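Hi,

Here is the structure I promised to send over. Have a look at it first, and my notes follow below.

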Amino acid sequence: MEAIQLPMATTHIGYKHGQRNSRGEPHPGYDLNYGTTPNADLGRPVVAPVALKVADVGARKYYGNYVVGVNEALGYVFRFMHLDQMHCTEGQTLAAGKLLGTCGNSHYGGWPGMSAHLHYDILRLSVLKARKLPWLYWPNAQTSPEDFANIFVNPASLHPQLLLCTTVPGAVRT
C-alpha cells in the first residue's frame, strides 16, 4: 500500500472522527491543528497526503474553500476544508507532498470567530459511486453508526499519530 502522510503537521486537534455535535451529527474527519491561539495556523501549507486527482475545488457555506482529491488505486476520496488559499485546479494530478492549499478559517457563514484549522476527512470511493453520493456528502443526525463507518474512513486508522494529539479545550463547536 502507498504510504499516506498527514496533509499538515499537527499536534492539536479539535473535532475528532465520529464525535457528535449538539445536533447529533457525527464529525466525519479530524480538525487538524486547531490552533491554541486564534489563527496560529493561518497560511500553513497543506499538501496532498498521497498522489491525487483533483475532483473538485470550490467554496461553499460551512465547508469554506475546499479541495476534493481521489486516489483510485487506494479507493479513497480525500477532502480538505476551510482552506485560506487553494493552489490546484479541478482535473489536476498532484504528487504526494505537493502543495494543494493553505490552512485557513473560511466557512462563509455559521461559525463567527472560527480559528484557522484544516478539516480533513477520507471517504470510500466505491460507496460514494454505488450510492451516487456527492463529493461533499455530510452525515446528519439520522446517519446510523454502521452507515457512517461504511462511508467514512477514520483518518487515525491511516495516521495513528493523530491519537497522540492534544485536543484543544473549547474547540468543539455546538
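Let's start with His 82, which is buried at a relative accessible area of 3% (buried means under 20% relative accessible area, exposed over 50%, and partly exposed in between, with a 1.4 Å probe and protein chains only). His 82 sits in strand β6, and its phi is near 70°, a positive value in a residue other than glycine.

Before you read on, some housekeeping. This is a predicted model, where local features need pLDDT of at least 70 and side-chain atom pairs count only at pLDDT 80 or more, while totals for chains, interfaces and linings use all residues. Residues are numbered from 1 along each chain as its sequence is written, and side-chain values use heavy atoms, with hydrogens and water left out.

Lys 132 also has a positive phi, about 55°, although it is not a glycine. You'll find Lys 132 in the loop between α1 and α2, and at 75% relative accessibility it counts as exposed.

Now the overall picture. The protein has three helices and 11 strands (DSSP runs numbered from the N terminus: helices are H or I with at least four residues, strands are E with at least two). From the N terminus on, the order is β-β-β-β-β-β-β-β-β-α-α-β-α-β. The radius of gyration is 15 Å, close to the 16 Å that the globule rule gives for 174 residues, so the protein is as compact as a globular protein of that length. (That radius is taken over C-alpha atoms, and the rule is 2.2 Å times the number of residues to the power 0.38.) Along the principal axes, the C-alpha atoms fill a box of roughly 40 × 35 × 30 Å.

Of the 174 residues, 52% count as buried. Among contacts (heavy atoms within 4.5 Å) with a separation of 6 or more, 67% come from residues 24 or more positions apart.

On to the rings. The structure holds five aromatic pairs; rings of Phe, Tyr and Trp (its six-membered ring) pair if their centres lie within 6.5 Å, and planes under 30 degrees apart count as stacked, over 60 as edge-to-face and the rest as tilted. One of them is Tyr 63 with Trp 138, edge-to-face at 5.8 Å centre to centre and 85° between the planes. Tyr 63 is in the loop between β4 (52-60) and β5 (64-71) and Trp 138 in the loop between α1 (125-131) and α2 (145-151), so this pair ties together parts 75 residues apart in sequence. Tyr 63 is buried at 11% relative accessible area, whereas Trp 138 is partly exposed at 29%.

Phe 80 and Tyr 120 make a stacked pair, 5.7 Å centre to centre with 25° between the planes. This one also links distant parts of the chain: Phe 80 belongs to strand β6 (residues 76-86) and Tyr 120 to strand β9 (residues 118-124), 40 residues apart. Both Phe 80 and Tyr 120 are buried. There is a cluster too, in which ring pairs link Tyr 137, Phe 148 and Phe 152.

Last, a residue in helix α2: Ala 149 is partly exposed at 43% relative accessibility. From Ala 149 to Glu 90 is 28 Å, C-alpha to C-alpha, and the two are 59 residues apart in sequence.

Cheers
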